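I opened this notebook to keep a record of what I looked up in one model. The entries follow the order in which I looked.

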Amino acid sequence: MSKIINFHYKDYKKLSRSEYVEEKNILQIELLKLQEDIIKNNRKLVIIFEGRDAAGKGATIKRFVEYLIPKKTRIVELGIPSKSQNRNWFKTYERLLPNNGEIVFFDRSYYSRALIQPTMNYCTENQYKNFIKKVNLWEENQLNQDLILIKFYLSIEKENQSLRFKLRETSKLKYWKLSENDLFVSAKWDLFTYYKNEMFNKTSTKKSPWIVINGNDKQIARLNAMRYVLNKINYKGKLKLKTTKWSKIRKKYNLSLFGVKFNNLNKQQFELLYEIKSNL
């Protein structure tokens, strides 16, 4: 098996809001150029996002698709599979793969059978073992049919997940994103970690490696994921992405949060509020 790829663009540090928006705009323009090439040449692209609850999968996909052509873009979030889907796992996902000229994003994917399902006993031990045994060959068959596949895993620390859960719980707009099931899965952190490591060890191949993105800062995670895709795939009119040296944050720190302006913060105060803001 191939080693996993830890991708972290070295020049992304703590970005100001304007720097983040500027860089995101550059990458989104390139993503649209990539999509136009995929459409023109009948290519097929799948981008998988796996990770723990509150890792930022959905928010990252949202930034990917923000300016893409909707009719050639699809987001798949299967939810609770039916009994038939559970029994026919690979067939279920074969039907969800992209058509020619299409990009499909999986907000959790067939790899749920390697992560959430065994952690929560949503599948049998035989179903899990069968999946692990067959998934590499199944993916290779799809790649042999000219599918482009990128597998992202967004990684966050336990303390960061707890903070995001708390922010969701107290938010008037995002409270619905926190469910009892999220808390049940979080309580099985170590078991999930075991299955995650097994997944990496057994399903990260040379042709289809796992790309691990540090998701503790959501904004930087989004940019890293976009940049990896653009670096990985060739397309007409591709811009050579420049190495950008972002300006250092000045000694006096200012930040707006929840409509309140905080001025003349010290470094520790700024970093705490910035962490909260980055995870909204």
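Does G56 count as buried or exposed? I found that G56 counts as buried, at 10% relative accessibility; buried here means under 20% relative accessible area, exposed means over 50%, and partly exposed is in between, with a 1.4 Å probe and protein chains only. I located G56 in the loop between β2 and α2 (57-65), and I noted that G56 and S155 are 9.2 Å apart in space, C-alpha to C-alpha, while being 99 residues apart in sequence.

Ground rules. I am working with a predicted model, in which local features need pLDDT of at least 70 and side-chain atom pairs count only at pLDDT 80 or more, whereas totals for chains, interfaces and linings use all residues. Residues are numbered from 1 along each chain as its sequence is written, and side-chain values use heavy atoms, with hydrogens and water left out.

The sheet. I traced an open sheet of 6 strands with parallel pairing, in the order β1-β6-β5-β2-β4-β3. Its edge strands, which pair on one side only, are β1 (5-6) and β3 (73-76). For the terms, helices (H or I, at least four residues) and strands (E, at least two) are DSSP runs numbered from the N terminus, and two strands pair if DSSP finds at least two bridges between them. I checked β1 against β6 (residues 210-214) and found parallel pairing over 2 bridges, with I5 standing opposite I211.

Aromatic rings. My search of the whole structure gave 19 aromatic pairs, where rings of Phe, Tyr and Trp (its six-membered ring) pair if their centres lie within 6.5 Å, and planes under 30 degrees apart count as stacked, over 60 as edge-to-face and the rest as tilted. I looked at Y110 and W138, whose ring centres are 4.8 Å apart and whose planes stand at 75 degrees, so the pair is edge-to-face. Y110 lies in the loop between β4 (102-107) and α5 (116-120) and W138 in helix α6 (residues 125-143), so this pair ties together parts that are 28 residues apart in sequence. Y110 is buried at a relative accessible area of 2%, and W138 is buried at 8%. Ring pairs link both into a cluster whose members include W89, F106 and W210.

Charges over rings. I counted a charge as sitting over a ring if NZ of Lys or CZ of Arg is within 6 Å of the ring centre and within 35 degrees of the ring normal. The charged end of R52 sits over the ring of W189, 3.5 Å from its centre, and R113 lies over the face of W89, at 4.3 Å from the ring centre.

Cavities. I found 2 cavities of 30 Å³ or more, a cavity being a set of points, on a 1 Å grid over the protein atoms alone, where a 1.4 Å probe fits but cannot get out, with lining residues having an atom within 4 Å of a point. The largest holds about 50 Å³ of space, and its lining has 9 nonpolar, no polar and no charged residues; I listed L31, I47 and F105 among them.

How values were computed:
On a 1 Å grid over the protein atoms alone, a cavity is a set of points where a 1.4 Å probe fits but cannot get out, and a pocket is an open set with protein on both sides within 12 Å along at least five of seven lines; lining residues have an atom within 4 Å of a point. Grid points are joined across faces, edges and corners, and a volume is the space filled by probe spheres set on the points. Ala, Val, Leu, Ile, Met, Phe, Trp, Tyr, Cys and Pro count as nonpolar, Asp, Glu, Lys and Arg as charged, and the others, Gly among them, as polar.
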